[in-house]
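Reader: I'm new to this one and would like to walk through it slowly with you. Could you put it up first, and then I'll ask things as they come to me?

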Amino acid sequence: MAAHRTALITGVAGQDGIYLARVLLERGYRVIGTSFSLARHFPYLQGVELIAFDIRNTDAMSELLRRERPDEIYNLAAISSVGQSWQMAEKVAEVNGMSVLRLLELLVRLRDDLGYAPRFYQASSSEIYGMADQQPQDERTPHYPRSPYGTSKSFAHHLTVNYRESYGLYACNGILFNHESPIRPARFVTRKITRAVAEISLGMRDQVTLGNLDARRDWGSAADYVEAMAEMLQQESAQDFVIATGEVASIRDFVAIAFEAVGIEDPWAHVEFDAAYLRPADVPQTWGRADRARSALGWGPKVSLREVVAHMVQADIVRAKTGIEECRGYMFPNTVNDALGLTPATHRHECPSCAAGVAN
Ligand code: GDP
């Protein structure tokens with residue numbers, strides 16, 4: 001069914017863009033991806049037609065849409081770090097907020113001028129809920145963001161709803177709760193922990209320094225969650241969906257699970273606290289209820305947090321041993337094994353995931 005369909009993924013070089021591109025390519029789409037910067041993620045993006053521009057460049061986006069006319073647009077371009085969003089609040093508002101407004105405006109114009117009406121997915125976020133009283137959170141929970149990041153995502157979320165209702169666009173928000181993978185950047189606490197645990201298990205370091213250990217998150221697997229994104233654009237009509245596991249763990253729990261994965265029995269001997277990692281305001285708990293996705297999309301999480309953590313630690317052990325930071329083999333548990341046991345010198349030639357000749 002998807003044959004000859006074209007998808008545009010903005011922010012394709014991020015964790016979700018990489019996993020989503022895989023799913024769409026497997027479904028037979030032609031995939032075009034934009035990113036502000038492409039270099040780091042080339043190994044992951046084989047088969048994607050890459051274009052580099054800043055999502056704030058509306059002229060470039062307009063030209064791209066007029067030329068390629070994708071059937072589906074997945075808007076994943078964003079500054080994704082909650083923790084860093086206070087240091088660049090204005091840029092976060094521009095990139096995560098105003099760019100979405102400009103893109104929606106463009107879609108209305110293109111429809112009116114050309115009769116061209118792609119389906120539009122907006123990467124909303126559980127961060128829109130922040131301090132919301134309601135637990136667990138679903139599509140009806142009022143927003144109470146706690147950071148410039150959450151606020152920018154709330155703005156974009158409301159605009160997406162508003163343009164759907166005002167102009168009849170097929171536009172929907174995917175309200176994804178935290179979702180992790182071995183290609184999550186280490187500025188996120190999960191990857192920071194798994195990398196440290198891998199290195200500690202190999203005797204390469206002794207400590208990891210963290211901030212608030214009491215925060216609780218509903219953590220899932222990025223590979224699972226991108227399937228839901230793709231499904232959201234295949235419905236009869238557009239609506240918004242929470243994507244979550246419904247299970248919650250604290251940062252403290254995450255630390256314990258990660259150390260357990262490498263058989264270290266006393267994790268707390270290796271953990272230090274530094275107030276520098278505390279935020280001006282934090283979200284004490286995210287907890288999602290994905291009932292709507294379950295019934296309308298037939299979507300449910302397939303991978304447990306324990307499995308995600310084990311996979312991340314495994315990939316970080318390979319990274320630490322080989323010094324090779326980016327390899328397609330890290331993306332899935334079965335292909336991490338392909339990369340195991342290879343020395344740095346032989347990895348490039350012998351790793352089945354890299355054998356296609358991609359420079360990494
Ligand atoms: P977020 O849920 O999108 O903000 O994802 P993060 O992984 O950045 O942070 C999750 C939680 O971990 C937040 O409540 C942070 O305050 C907490 N946390 C504790 N220590 C750290 C740390 O060293 N780095 C980061 N990024 N977060 C930390």
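Reader: Where does glutamate 49 lie?
Author: Since this is a predicted model, everything I say is about the prediction; in it, glutamate 49 lies in strand S3, which covers residues 49–52.

Reader: Is glutamate 49 buried, partly exposed or exposed?
Author: Glutamate 49 has a relative accessible area of 36%, and because buried means under 20% and exposed means over 50%, it counts as partly exposed.

Reader: And how far apart in space are glutamate 49 and alanine 21?
Author: From C-alpha to C-alpha they are 10 Å apart, while along the sequence 28 residues separate glutamate 49 from alanine 21.

Reader: Switching topic, what surrounds the ligand?
Author: The ligand is surrounded by 16 residues, and the closest of these are Val189, Lys192, Arg217, Arg279 and Asp282. By type, the shell divides into 7 nonpolar, 3 polar and 6 charged residues.

Reader: Which domains does the shell around the ligand draw on?
Author: At least three residues of the shell come from domain 1 (6–180 + 221–243), and at least three come from domain 2 (189–217 + 248–285 + 303–356).

Reader: How much of the ligand does the protein bury?
Author: The protein buries 95% of the 540 Å² that the ligand exposes when it is taken alone.

Reader: Now the aromatic rings, how many pairs are there?
Author: A search of the whole structure turns up 6 aromatic pairs. In one of them, the ring centres of tyrosine 225 and tryptophan 299 are 5.4 Å apart and the ring planes stand at 85 degrees, so this pair is edge-to-face.

Reader: Which parts does the pair of tyrosine 225 and tryptophan 299 tie together?
Author: Tyrosine 225 belongs to helix H6 (residues 222–232) and tryptophan 299 to the loop between helix H8 (291–297) and helix H9 (305–322), so the pair ties together parts that are 74 residues apart in sequence.

Reader: Are those two buried or exposed?
Author: Tyrosine 225 counts as buried, at 0% relative accessibility, and tryptophan 299 is buried too, with a relative accessible area of 6%.

Reader: What about the rest of H6, how many of its residues are buried?
Author: In H6, 8 of the 11 residues are buried, so the helix is largely enclosed by the rest of the structure. Among the buried ones, besides Tyr225, are Ala222, Asp224, Val226 and Met232.

Reader: And serine 221, where is that found?
Author: Serine 221 is found in strand S10, residues 220–221, and at 7% relative accessibility it counts as buried.

Reader: Last topic, the backbone: which residues does a cis peptide bond join?
Author: Glutamine 135 and proline 136 are joined by a cis peptide bond, with omega at about -10 degrees. Proline 136 is in the loop between strand S5 (119–125) and helix H4 (148–167).

Reader: And what is the phi of arginine 69?
Author: Phi of arginine 69 is near 45 degrees, which is a positive value in a residue other than glycine. For background, most residues other than glycine have a negative phi, and most peptide bonds are trans. Arginine 69 is in the loop between helix H2 (58–68) and strand S4 (72–75), and with a relative accessible area of 39% it is partly exposed.

Technical notes:
Residues are numbered from 1 along each chain as its sequence is written. This is a predicted model: local features need pLDDT of at least 70, side-chain atom pairs count only at pLDDT 80 or more; totals for chains, interfaces and linings use all residues. Side-chain values use heavy atoms; hydrogens and water are left out. A residue is near a molecule or strand if one of its heavy atoms lies within 4 Å of it. Accessible areas come from the Shrake-Rupley method with a 1.4 Å probe; for residues, only the protein chains shown count as cover. Ala, Val, Leu, Ile, Met, Phe, Trp, Tyr, Cys and Pro count as nonpolar, Asp, Glu, Lys and Arg as charged, and the others, Gly among them, as polar. Domain bounds come from an automatic or database domain assignment. Rings of Phe, Tyr and Trp (its six-membered ring) pair if their centres lie within 6.5 Å; planes under 30 degrees apart count as stacked, over 60 as edge-to-face and the rest as tilted. Helices (H or I, at least four residues) and strands (E, at least two) are DSSP runs, numbered from the N terminus. Buried means under 20% relative accessible area, exposed over 50%, partly exposed in between (1.4 Å probe, protein chains only).
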